[in-house]
Amino acid sequence: MSKIVFIDTLPNTTRLKWLQLLREALGNEILLLPEEIDDEDVYKIDLAIVANPRPRDLLRYPSLKIVHSVWAGVDKLVSALKSEELSGLKIELVRLVDPKLSVSMAESVLAWTLYLQRHMPEYAHQQATKNWRQLPHINSEQVRVSLLGAGEMALRSLELLKKLDYRLSCWSRKPKQLEGVNHFCGINGLKTMLAQTDILISLLPLTSRTYQLLDKKTLAWLPAGAKLMNFSRGAIINTTDLLRLIDSGHIAHAVLDVFDQEPLPKSSELWTNEKVTVLPHISAPTNKETAVRIVADSIIAYRTKGVLPKCLDLNLEY
Ligand code: NAP
């Protein structure tokens, strides 16, 4: 009988919790840790469930067909699969798509949009300096909020933002028609959208095409005083360029939840810049209970009906 391996780099207690929940949800399937699989048995493994694995650890299983991540972002795995090191591995990669995760992201998008719209960083600073000063009130209908991406995270966020009447735009690879949202695509579309943005939110996957998409050239397309958030992957923004544009006053504030290196090193100047809000990658944490059900259901559907879950397009890298 085919078996499943769980490959991760998690702390031991977290690993054991995932294992327990997955085993309960998978019923008759046999889910093993790599150390529970002898070298003679590695060929019996055709499926792997992964949580931030070291990509080279997948090479041990020659019959591997499907790798299912319990995370939504799988950029490290995608770039490894495209590299020389893992080029021999012919697998389908499935990432977590969990409506609960999209709701958490939408909550974060709304929370930090309000934080920026209602001048919360400035009022926190004013309190620290005992400064009583009322800043101009801006209604949500006047605030132009633009999202990079129109996928699972972005669409749910747009739904929530619509309820507060923000002026909404989004940008994605393919053309789309979205009710109540101006949609843009292509580099000219990006330029047009950024020029009419007060708050920009990145919800793009990290790929070779989105790497450093926001640099001195594209960030300069934003109007002076624009604010931004990055909730997807750190490397989508060139941090040096961002800091320069913050120093010049072109960018008024950045809320960053994701970084090139995590945890953010103590030496980073982002920690102490009062125009930067640093969050420890918390905008949409995986919910183990719902994630386990989704992963188990897709594996059971594959085993019983041969139905493959939606897989990543490795050419597009997302
Ligand atoms: P998704 O459903 O795959 O959506 C990706 C969106 O990005 C799509 O709209 C796609 O365009 C667009 N896109 C991709 N490449 C593009 C390009 N080169 N130019 C323009 N648009 C491009 O992904 P998702 O589920 O929304 O997740 C997005 C990212 O959020 C994940 O990859 C992950 O990195 C991040 N994330 C972060 C957290 C956190 O806690 N911070 C939690 C979960 C996820 P099309 O629609 O045209 O295909």
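Predicted model: local features only at pLDDT ≥ 70, side-chain atom pairs only at ≥ 80, totals over all residues.
Student: Where is Pro263 found?

Tutor: Look in the loop between β11 (251–256) and β12 (276–278). Most peptide bonds are trans. Here, Glu262 and Pro263 are joined by a cis bond, with omega about -5°.

Student: What is the phi of Lys130?

Tutor: Most residues other than glycine have a negative phi. Lys130 is not a glycine, yet its phi is positive, about 50°. You can find Lys130 in the loop between α4 (120–128) and β6 (144–148).

Student: What is the order of the strands in the open sheet?

Tutor: Strands pair if DSSP finds at least two bridges between them. The 5 strands run β2-β1-β3-β4-β5, with parallel pairing. Because β2 (31–32) and β5 (92–94) stand at the edges with a single partner strand each, one side of each has no neighbour in the sheet. β5 pairs with β4 (residues 66–69) in the parallel sense over 3 bridges, and Val67 stands opposite Leu93 of β5.

Student: Which strands does helix α1 touch?

Tutor: Contact means heavy atoms within 4.5 Å. Angles run from 0 to 180 degrees between N-to-C directions, using axes fitted to C-alpha atoms, for helices over the stretch in contact. Helix α1 (residues 12–26) packs on the sheet against β1 (3–8), β2 and β3 (45–51), its direction making about 155° with that of β1. Helix α9 (residues 288–305) also packs there, touching β1, β3 and β4, at about 165° to the direction of β3.

Student: How many residues surround the ligand?

Tutor: Counting residues with a heavy atom within 4 Å, there are 28, and the closest are Ala150, Met153, Lys174, Lys176 and Tyr318.

Student: Which polar backbone atom is 2.7 Å from a ligand oxygen?

Tutor: A polar contact is a pair of N or O atoms within 3.5 Å. That backbone atom belongs to Lys174. A ligand nitrogen is 2.9 Å from a polar backbone atom of Phe231, and a ligand nitrogen is 3.4 Å from a side-chain N or O atom of His281. By the Shrake-Rupley method with a 1.4 Å probe, the ligand alone exposes 940 Å², and the protein buries 92% of that.

How values were computed:
Residues numbered from 1 in each chain as written. Heavy atoms only, no water. Polar contact = N/O pair within 3.5 Å; in protein donor to acceptor, adjacent residues only side chain to side chain. Helix = DSSP H or I, 4+ residues; strand = E, 2+ residues; numbered from the N terminus.
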